[in-house]
Amino acid sequence: LCIITDQNRFVDSLESPNIEDYVDRYEKHDTLIEEDQKEFRAIIGKIGWLSQTSRPDLAFDNLVLRNATFDDMKHAIKIIKKMKCEDTEMKFADLGDPSKWSIVGYGDAGYKSLPDKVSSCGGHVVLLCNKDTKLSCVVSWKSKKLKRVVSSSTAAEALAANETLDELIYVK
């Protein structure tokens, strides 16, 4: 027995703006005008919501799309096309006896990995696992900008590990 959820109808209902509507008005790094920024923010909101609920693979894309430039709009439109090509189905297996469960977390960081080439990104995934059957279910995930600028990949990894530990304690 397992629980299956999906958001395929939501993704199917998404309409992607036509990039050709923007090509004549903007250069690559131009900031969008207010009217186009509203459409951009709506797209980012949908990507963000989906990345938090059923598509963790979109979390980093959602994180880097913040400047509302023409280039960002092109990237957002590509993400919508990607979302429509892949299923959102998530399966939650029956993990059996709760006395056999353990909580496992994995964290990672990318040193200076954000578009500004100064900020770093960190992320984690937390799973609920059955020690005997090795079945597991994802409980939470996150990808976000690290809270401070770091001077090495070791420092970035340490901050990401700390965030992962915080989440593990919260889930426990």
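Mentor: Strands are DSSP runs of E with at least two residues, helices are runs of H or I with at least four, and both are numbered from the N terminus. The model above is predicted. Now apply the terms. Lys134 sits in the loop between strand S4 (121-130) and strand S5 (136-145).

Trainee: How many helices and strands are there in the protein?

Mentor: The protein has six helices and five strands. Along the sequence, their pattern reads β-α-α-α-α-α-β-β-β-β-α.

Trainee: What box do the C-alpha atoms of the protein fill?

Mentor: Taken along the principal axes, the box is roughly 60 × 45 × 20 Å. The protein has 172 residues, and 37% of them are buried. Then look at the contacts between residues at least 6 apart in sequence. Of these, 65% join residues at least 24 apart.

Trainee: Back to Lys134. Is Lys134 exposed or buried?

Mentor: Use the cut-off: over 50% relative accessible area is exposed, under 20% is buried. Lys134 has 65% relative accessibility, so Lys134 counts as exposed. Check its backbone too. Lys134 is not a glycine, yet its phi is positive, near 65°.

Trainee: What is the phi of Ala68?

Mentor: About 55°, again a positive value in a residue that is not a glycine. Ala68 belongs to the loop between H4 and H5. Its relative accessible area is 8%, so Ala68 is buried.

Trainee: Which loop holds Thr69?

Mentor: Thr69 is in the loop between helix H4 (59-64) and H5. Thr69 counts as buried because its relative accessibility is 12%. To see what surrounds a residue, set aside its neighbours within four places in sequence. For Thr69, that leaves contacts with Lys28, His29, Asp30, Thr31 and Leu32.

Trainee: What does Gln37 touch, not counting residues up to four places away in sequence?

Mentor: Gln37 touches Thr31, Leu32 and Ala68. Gln37 is part of helix H3. With 17% relative accessibility, Gln37 counts as buried. Now try a span. Gln37 and Leu128 are 91 residues apart in sequence, and their C-alpha atoms are 39 Å apart in space.

Trainee: Now helix packing. At what angle do H3 and H5 pack?

Mentor: Read the angle together with the distance between the axes. Helix H3 (residues 34-53) and H5 pack at about 40°, and their axes are 10 Å apart.

Trainee: Why are H3 and H5 called oblique to each other?

Mentor: Angles under 35 degrees count as roughly parallel, and 65 to 115 as roughly perpendicular. The angle here is about 40°. H3 and H5 are therefore oblique. Their crossing is left-handed.

Trainee: Which residues make the contact?

Mentor: H3 contributes Asp36, Glu39, Phe40, Ile43, Ile44, Ile47 and Leu50. H5 contributes Asp72, Met73, Ala76, Ile79, Ile80 and Met83. Sort the residues of this contact by type: ten are nonpolar, three are charged and none is polar.

Trainee: Where does Asp71 lie?

Mentor: In helix H5 (residues 70-85). Asp71 is partly exposed, because its relative accessible area is 27%. Compare sequence with space again. Asp71 and Arg55 are 16 residues apart in sequence and 23 Å apart in space, C-alpha to C-alpha.

Trainee: What describes a pair of aromatic rings?

Mentor: Two values: the distance of the centres and the angle of the planes. The structure holds three aromatic pairs. One of them joins Tyr22 and Tyr26, with 6.4 Å centre to centre and 25° between the planes, and this pair is stacked.

Trainee: Are Tyr22 and Tyr26 buried or exposed?

Mentor: Tyr22 counts as buried, at 2% relative accessibility. Tyr26 is buried too, with a relative accessible area of 8%.

Trainee: How far apart are the ring centres of Tyr26 and Phe70?

Mentor: The centres of Tyr26 and Phe70 are 6.0 Å apart, and the planes are at 20°, so this pair is stacked. Tyr26 lies in the loop between helix H2 (20-23) and H3, and Phe70 lies in helix H5, so the pair ties together parts that are 44 residues apart in sequence. Phe70 counts as buried, at 6% relative accessibility.

Trainee: Which residues form one aromatic cluster?

Mentor: Tyr22, Tyr26 and Phe70.

Methods. Residues numbered from 1 in each chain as written. Predicted model: local features only at pLDDT ≥ 70, side-chain atom pairs only at ≥ 80, totals over all residues. Heavy atoms only, no water. Buried < 20%, exposed > 50% of the residue type's maximum accessible area, 1.4 Å probe, protein only. Axes fitted to C-alpha atoms, helices over the stretch in contact; angles between N-to-C directions. Parallel < 35°, antiparallel > 145°, perpendicular 65-115°, else oblique. Left-handed = near helix turned anticlockwise from the far one by under 90°. Contact = heavy atoms within 4.5 Å. Nonpolar A, V, L, I, M, F, W, Y, C, P; charged D, E, K, R; others polar. Phe/Tyr/Trp six-rings, centres within 6.5 Å; stacked < 30°, edge-to-face > 60°.
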